[in-house]
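Please keep the sequence and the structure in view while reading.

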Amino acid sequence: MPAEVLASRVRVDFVDANGGKAQQDYYLPGEMTDIASEALAELHLTIMDITDAAQVKQTLTLTSYDIDGVNSEGPYNTVSDKLTITAMDGSGQLHTVAMPAPREDLFLPDRETVDPDSEAWGNFKDQLFAMWKGTNGEAMTYIRAVRTQGGPKGA
Amino acid sequence: MDPETNPCVINYLDADGNRCRVTLTFANEVVTPTDVDVGVLRSFWHLCNDCESTSCSITQYADTADTPTDGSYEDTQDKAMFVFVDANNKTHNIKVPAPKPSIFLADKVTVDLANAAVALYTSLIMEWFCTEGGVVFTAVLSGRRIRAKGTD
């Protein structure tokens with residue numbers, strides 16, 4: 001069973017003119033809804049009115065996610081097993097993202113190449129490339145996706 | 001100027017307890033992990049993988065171009081510490097670094113809770129935010145200036 005979401009964390013990082021840093025966590029009740037972005041914007045503005053530190057970033061973290069349980073079947077069921085997706089940004093630079101624990105049925109019989117006819121892969125790929133941007137905000141172009149292995153903390 | 005993109009970090013956990021994280025960059029309109037498109041992306045990968053997504057975060061960079069840094073307490077070690085009480089009558093401290101001098105009373109230590117900017121901040125906290133355990137705040141008790149190093 002997925003854990004109940006009690007609160008979602010908003011972490012605000014600050015830096016002063018001398019490079020000194022500080023951090024404060026805020027919590028939004030339950031699993032966040034659309035109100036979160038409005039709350040964040042308001043929080044940013046109200047803090048600006050009472051502080052002299054530059055706010056360099058606000059990190060909004062959803063502490064758990066209500067999806068239907070843990071999958072654990074399949075030969076690649078560890079986070080060290082990856083599906084590494086390579087893409088190219090508008091300036092020709094290559095980028096990779098390594099998605100963990102890919103299911104066996106995503107691959108062709110060589111067990112390394114993604115099956116382009118897989119519906120699950122197709123849905124994910126379409127959504128990923130609708131959202132994934134280069135550092136300048138440009139769209140990414142799909143190059144390839146193959147199974148790889150990496151350390152448990154890698155990504 | 002705001003960056004063009006916001007980084008998104010998705011954390012995963014496998015059945016052996018190992019963890020990893022995936023970092024992606026999204027357009028800067030995507031500011032919350034509950035954004036519909038982020039949810040769809042995570043759900044689609046859930047149908048492709050054998051582990052669980054445990055958390056997701058998105059970092060939004062603020063526009064610092066017009067941020068003032070000329071106050072008496074502009075050091076991040078100077079903090080205004082607000083004491084809130086929750087619905088269970090427990091107190092919680094929330095600190096704001098480098099507070100502006102104008103939010104303090106004449107003693108330069110006590111926060112003026114009637115100050116318009118302070119009142120706006122504290123009412124926002126009580127309206128939308130809560131404790132780590134999801135309990136709502138019911139009141140702000142006090143605010144005072146402290147010195148505290150580093151992160152909260």
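## Salt bridges and the interface

B:Asp50 forms a salt bridge with A:Arg103, and in this pair the closest N and O atoms lie 3.6 Å apart. The model is a predicted one, and the distances and areas given here are computed from it. Between chain B and chain A the count is one salt bridge, while over all chains the count comes to six salt bridges. Another of these pairs lies within chain A, where A:Asp25 forms a salt bridge with A:Arg11. This pair links distant parts of the chain, since A:Asp25 belongs to strand E2 (residues 21–29) of chain A and A:Arg11 to strand E1 of chain A, the two being 14 residues apart. Side chains of opposite charge can pair when their charged atoms come close. The two named pairs are set out below.

| Salt bridge | Closest N and O atoms |
|---|---|
| B:Asp50 with A:Arg103 | 3.6 Å |
| A:Asp25 with A:Arg11 | 2.8 Å |

Polar contacts also join the two chains, with a count of 17 residue pairs between chain B and chain A, both residues being at pLDDT 80 or more. On the side of chain B that touches chain A, at least two residues each come from E1, E2, helix H1 (36–46), E3, strand E4 (78–86), strand E5 (91–97) and helix H2 (116–128) of chain B. The residues of that side divide into 40 nonpolar, 28 polar and 18 charged.

How many residues of each chain are in contact with the other? In chain B there are 86, and they are in contact with 87 residues of chain A. The area buried between chain B and chain A is about 7300 Å², and carbon and sulfur atoms give 63% of it. Of the area that chain B buries against chain A, B:Trp45, B:Asp50 and B:Trp128 supply 11%, more than any other three residues.

## The largest pocket

The largest pocket has a volume of about 240 Å³ and is lined by 15 residues, of which A:Arg9, A:Thr59, A:Thr61, B:Ser57 and B:Thr59 lie nearest its centre. Strand E1 (7–15) and strand E3 (54–62) of chain A each supply at least two residues of this lining, as do strand E1 (5–13), strand E2 (19–27) and strand E3 (52–61) of chain B. The residues of the lining divide into two nonpolar, eight polar and five charged.

Key. Residues are numbered from 1 along each chain as its sequence is written. Chains are lettered from A and ligands numbered from 1 in the order in which they are written. This is a predicted model: local features need pLDDT of at least 70, side-chain atom pairs count only at pLDDT 80 or more; totals for chains, interfaces and linings use all residues. Side-chain values use heavy atoms; hydrogens and water are left out. On a 1 Å grid over the protein atoms alone, a cavity is a set of points where a 1.4 Å probe fits but cannot get out, and a pocket is an open set with protein on both sides within 12 Å along at least five of seven lines; lining residues have an atom within 4 Å of a point. Grid points are joined across faces, edges and corners, and a volume is the space filled by probe spheres set on the points. Helices (H or I, at least four residues) and strands (E, at least two) are DSSP runs, numbered from the N terminus. Ala, Val, Leu, Ile, Met, Phe, Trp, Tyr, Cys and Pro count as nonpolar, Asp, Glu, Lys and Arg as charged, and the others, Gly among them, as polar. Contact means heavy atoms within 4.5 Å. Buried area is the accessible area (1.4 Å probe) that two parts lose on being put together, summed over both. A salt bridge is a side-chain nitrogen of Lys or Arg within 4 Å of a carboxyl oxygen of Asp or Glu. A polar contact is a pair of N or O atoms within 3.5 Å; within protein, one must be able to donate a hydrogen and the other to accept it, and residues adjacent in sequence count only if both atoms are side-chain atoms.
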